[in-house]
Amino acid sequence: MAKVVVSELVTNVLRHTGSTTTRVRLVQADKGTVVEVFDSSDVLPVAGSAELLSEDGRGLAMLGALVKEWGAQPLGGGGKAVWALLPEGPA
């Protein structure tokens, strides 16, 4: 599960942000395992609705179906963190 979540979040950085840096961190929190992806772009992700035959626009909807919750927050020095709380079980 963690591999799919990391893949989706990093792919979003590469395809949509123009960020020159990306960092991935997994954290064991009280609520469970959290995947965090940091990048240098200030643009926050927005879940869209894809056209039926579109090849993109479904990633964040898929992410939402796989994880307990996800979100994004700007970082004080610029950039952002996008995070996802994994469901219980092996990461």
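Q: Leaving aside its neighbours within four places in sequence, which residues is N12 in contact with?
A: N12 is in contact with T17 and L60, once neighbours within four places are set aside. Contact here means heavy atoms within 4.5 Å.

Q: What kind of model is this?
A: It's a predicted model, where local features need pLDDT of at least 70, side-chain atom pairs count only at pLDDT 80 or more, and totals for chains, interfaces and linings use all residues. Residues are numbered from 1 along each chain as its sequence is written, and side-chain values use heavy atoms, with hydrogens and water left out.

Q: OK, back to N12. Where is it found?
A: N12 is found in helix α1, which covers residues 2–16. Helices (H or I, at least four residues) and strands (E, at least two) are DSSP runs, numbered from the N terminus.

Q: Is N12 buried or exposed?
A: N12 counts as buried because its relative accessible area is 18%. The cut-offs are under 20% for buried, over 50% for exposed, and partly exposed in between, using a 1.4 Å probe and protein chains only.

Q: And L60, what does that one touch?
A: Not counting residues up to four places away in sequence, L60 touches E8, N12, P45, V46, A47 and W70. L60 is also one of the residues in the largest nonpolar core.

Q: Which residues make up that largest nonpolar core?
A: There are twelve: A2, V5, L9, V13, V35, V37, L60, L63, V67, V82, A84 and L86. At least two residues of this core come from each of α1, β2 (32–39), α2 (59–66) and β4 (80–85). Helix α1 gives the most, with four residues. A nonpolar core is a set of buried Ala, Val, Leu, Ile, Met, Phe, Trp, Tyr and Cys residues joined through side-chain atoms within 4.5 Å.

Q: Why would nonpolar side chains be buried together?
A: In soluble globular proteins, that's simply how nonpolar side chains tend to sit.

Q: Zooming out, what pattern does the protein chain follow along the sequence?
A: Along the sequence the pattern reads α-β-β-α-β-β, so the secondary structure comes to two helices and four strands.

Q: How much of the protein chain do buried residues make up?
A: Buried residues make up 31% of the 91 residues. The chain exposes about 5,800 Å², and carbon and sulfur atoms supply 55% of that. Those areas come from the Shrake-Rupley method with a 1.4 Å probe; for residues, only the protein chains shown count as cover.

Q: What share of contacts with a separation of 6 or more comes from residues 24 or more positions apart?
A: Those residues account for 49% of such contacts in the protein chain.

Q: Which side chain does the side chain of T33 make a polar contact with?
A: It's the side chain of Q28, at 2.9 Å. A polar contact is a pair of N or O atoms within 3.5 Å; within protein, one must be able to donate a hydrogen and the other to accept it, and residues adjacent in sequence count only if both atoms are side-chain atoms.

Q: Changing topic: where does S19 lie?
A: S19 lies in the loop between α1 and β1 (22–29). With 18% relative accessibility, S19 counts as buried. A polar atom of its side chain lies 2.6 Å from the backbone oxygen of T21.

Q: What about G77, buried or exposed?
A: G77 is exposed, with a relative accessible area of 85%. G77 is found in the loop between β3 and β4.

Q: And A72, where is that found?
A: A72 is in strand β3, residues 69–74, and A72 is partly exposed at 30% relative accessible area.

Q: Last one: what lies over the face of F38?
A: R23 does, at 4.2 Å from the ring centre. A charge sits over a ring if NZ of Lys or CZ of Arg is within 6 Å of the ring centre and within 35 degrees of the ring normal.
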